[in-house]
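The sequence and the structure are shown first.

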Amino acid sequence: MTGARIGENCALTISDIDEINKTLNINKTFIKDEGRTWRVKPTTKTGESGEQVIGLDDLTFSKMQEWLKLRRQVA
């Protein structure tokens with residue numbers, strides 16, 4: 001629903017979610033580097049120009065809140 005790439009979604013952290021404004025901060029991506037090791041790249045696939053704040057619709061935001069609730073119980 002967000003239009004974010006799979007790697008960008010995999011790199012999301014709790015701090016990337018703004019529950020007050022119902023937005024998602026896309027500013028990094030999860031990649032496999034040359035050594036075949038997975039890591040978080042501190043910019044998106046297209047670099048800093050691809051960084052964005054995405055507004056979440058009500059359904060997506062509701063699902064994100066469910067995930068946050070579960071995540072906070074585990075942490």
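A residue is called buried when its relative accessible area is under 20%, exposed when that area is over 50%, and partly exposed in between. Lys22, at 31% relative accessibility, therefore counts as partly exposed.

The model is a predicted one. The protein contains two helices and five strands, and along the sequence these elements follow the pattern α-β-β-β-β-β-α. The protein has 75 residues, of which 29% count as buried. Its accessible surface amounts to about 5,300 Å², and carbon and sulfur atoms account for 53% of that area. When contacts between residues at least 6 apart in sequence are considered, 46% of them join residues at least 24 apart.

The interior may be taken next. In soluble globular proteins, nonpolar side chains tend to be buried together. Here the largest nonpolar core consists of nine residues: Ala4, Ile17, Leu24, Ile26, Ile54, Leu56, Phe61, Met64 and Leu68. Two elements, strand E2 (23–26) and helix H2 (58–74), each give two or more residues to this core. The greatest contribution comes from H2, with three residues.

Leu24, with residues up to four places away in sequence set aside, touches Thr2, Leu12, Asp16, Ile17, Gln52, Val53, Ile54, Leu56 and Met64. Ile54 belongs to strand E5 (residues 52–55). Because its relative accessibility is 10%, Ile54 counts as buried. Apart from neighbours within four places in sequence, Ile54 is in contact with Thr2, Lys22, Thr23, Leu24 and Ile26. Ile54 and Asn25 stand 29 residues apart in sequence, yet their C-alpha atoms are 6.5 Å apart in space.

Ala4 is located in the segment before helix H1 (6–10). With a relative accessible area of 16%, Ala4 is buried. Beyond neighbours within four places in sequence, Ala4 is in contact with Asn9 and Ile26. Ala4 and Thr44 are separated by 40 residues in sequence and by 9.8 Å in space, C-alpha to C-alpha.

Trp38 counts as exposed because its relative accessibility is 51%. Phe30, at 32% relative accessibility, counts as partly exposed, and Val40, with a relative accessible area of 42%, is likewise described as partly exposed. Val40 lies in strand E4 (residues 38–41).

The structure has one aromatic pair. Phe30 and Trp38 form this pair, and their rings are stacked, with 5.5 Å centre to centre and 10° between the planes.

The charged side chains complete the picture. Side chains of opposite charge can pair when their charged atoms come close. How many salt bridges are counted in this structure? The count comes to six, and three of them, taken as examples, are described here.

One of these joins Lys22 and Asp58, whose closest N and O atoms are 2.9 Å apart. Lys22 lies in the loop between strand E1 (17–18) and E2, whereas Asp58 lies in helix H2, so the pair ties together parts that are 36 residues apart in sequence. Asp58 has a relative accessible area of 55% and is therefore exposed, while Lys22 is partly exposed, as stated at the outset.

Another salt bridge links the side chains of Arg5 and Glu8, with a distance of 3.1 Å from N to O. Is Glu8 buried or exposed? Glu8 is buried, with a relative accessible area of 3%. Arg5 is partly exposed, with a relative accessible area of 38%.

A further salt bridge is formed by Arg39 with Asp33, where the closest N and O atoms are 3.6 Å apart. Arg39 has a relative accessible area of 36% and is partly exposed. Asp33, at 26% relative accessibility, counts as partly exposed as well.

Note on methods
Residues numbered from 1 in each chain as written. Predicted model: local features only at pLDDT ≥ 70, side-chain atom pairs only at ≥ 80, totals over all residues. Heavy atoms only, no water. Helix = DSSP H or I, 4+ residues; strand = E, 2+ residues; numbered from the N terminus. Buried < 20%, exposed > 50% of the residue type's maximum accessible area, 1.4 Å probe, protein only. Phe/Tyr/Trp six-rings, centres within 6.5 Å; stacked < 30°, edge-to-face > 60°. Core = buried A, V, L, I, M, F, W, Y, C linked by side-chain atoms within 4.5 Å. Contact = heavy atoms within 4.5 Å. Areas by Shrake-Rupley, 256 points an atom, 1.4 Å probe, with all protein chains shown as cover. Salt bridge = Lys/Arg side-chain N within 4 Å of Asp/Glu carboxyl O.
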